[in-house]
Amino acid sequence: MNKFLICAIIIVLGISDAYSQNSLLEERVSLKVKNITIPSILDHISKQTDCYFTYDPKIIPNRKKFSFSHDDISVKEVLDAILANSKLKYEIIKDHIVIYK
């Protein structure tokens, strides 16, 4: 019986963690910005959500600027847009979105 309880707890924690990861990307934000850098966009997202971003500033292109005018856009849609055509990727680890090369 103890083995069953331990297995059940592990399964629930795994499902909970997977749900948590997906929910971070599904959070919705309002972005009305012009010509701002990736770090600035990430700051805007962090202020509106429970998302925390971790990245090495050296790998983030600071010259590339973006504009958004959306009242309701998912974090995933924003990340996919700003990281498109770059070698950067992202991964969710606990409550952080880690951007890496």
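Reader: Buried means under 20% relative accessible area, exposed over 50%, partly exposed in between (1.4 Å probe, protein chains only). Which residues of S5 are on the covered face, and which on the uncovered one?

Author: Ile-97 and Ile-99 make up the covered face of S5. His-96, Val-98 and Tyr-100 make up the uncovered one. This is a predicted model, where local features need pLDDT of at least 70 and side-chain atom pairs pLDDT 80 or more, while totals for chains, interfaces and linings use all residues. Numbering starts from 1 along each chain as its sequence is written, and side-chain values use heavy atoms, without hydrogens or water.

Reader: OK. Zoom out. How many helices and strands are there in the protein chain?

Author: The protein chain has 3 helices and 5 strands (DSSP runs numbered from the N terminus: helices H or I, at least four residues; strands E, at least two). Along the sequence the pattern reads α-β-α-β-β-α-β-β.

Reader: Back to S5. In what order do the strands of its open sheet stand?

Author: The order is S2-S5-S4, an open sheet of 3 strands with mixed pairing. Two strands count as paired if DSSP finds at least two bridges between them. Strand S2 (52-54) and strand S4 (89-93) have a single partner strand each, so one side of each is left without a neighbour in the sheet. On average, neighbouring strands of this sheet are turned by 30 degrees against each other, direction ignored.

Reader: Parallel or antiparallel for S2 and S5?

Author: Parallel, over 3 bridges, with S5 covering residues 96-100. Phe-53 stands opposite Ile-97 in S5. Thr-54 stands opposite Val-98.

Reader: And in what sense do S4 and S5 pair?

Author: S4 and S5 are antiparallel, over 5 bridges. Ile-93 faces His-96 across that pairing. The hairpin of S4 and S5 has 2 residues between the strands. Lys-94 takes a positive phi there, near 60 degrees.

Reader: What lies across S2, S4 and S5?

Author: Helix H3, residues 75-83. H3 runs at about 145 degrees to S4 (axes are lines fitted to C-alpha atoms, for helices over the stretch in contact; angles run from 0 to 180 degrees between N-to-C directions).

Reader: Now the core. Which members of the largest nonpolar core touch the most other members?

Author: Ile-41, Phe-53, Phe-68, Val-78, Ile-82 and Ile-97, out of 25 residues. A core here joins buried Ala, Val, Leu, Ile, Met, Phe, Trp, Tyr and Cys through side-chain atoms within 4.5 Å. Helix H1 (2-26), strand S1 (28-36), helix H2 (38-48), strand S3 (66-74), H3 and S5 each give two or more residues to this core. H3 gives the most, with 5 residues.

Reader: What does Val-78 touch?

Author: Val-29, Leu-31, Ile-41, Ile-45, Phe-68 and Ile-73, not counting residues up to four places away in sequence. Contact means heavy atoms within 4.5 Å.

Reader: Switch to Thr-49. Buried or exposed?

Author: Thr-49 counts as buried, because its relative accessible area is 10%. Thr-49 belongs to the loop between H2 and S2. A polar atom of its side chain lies 2.8 Å from the backbone oxygen of Ile-45. The side chain of Thr-49 also reaches the backbone nitrogen of Cys-51, at 3.1 Å. Beyond four places in sequence, Thr-49 is in contact with Glu-27, Arg-28, Val-29 and Val-75.

Notes:
Polar contact = N/O pair within 3.5 Å; in protein donor to acceptor, adjacent residues only side chain to side chain.
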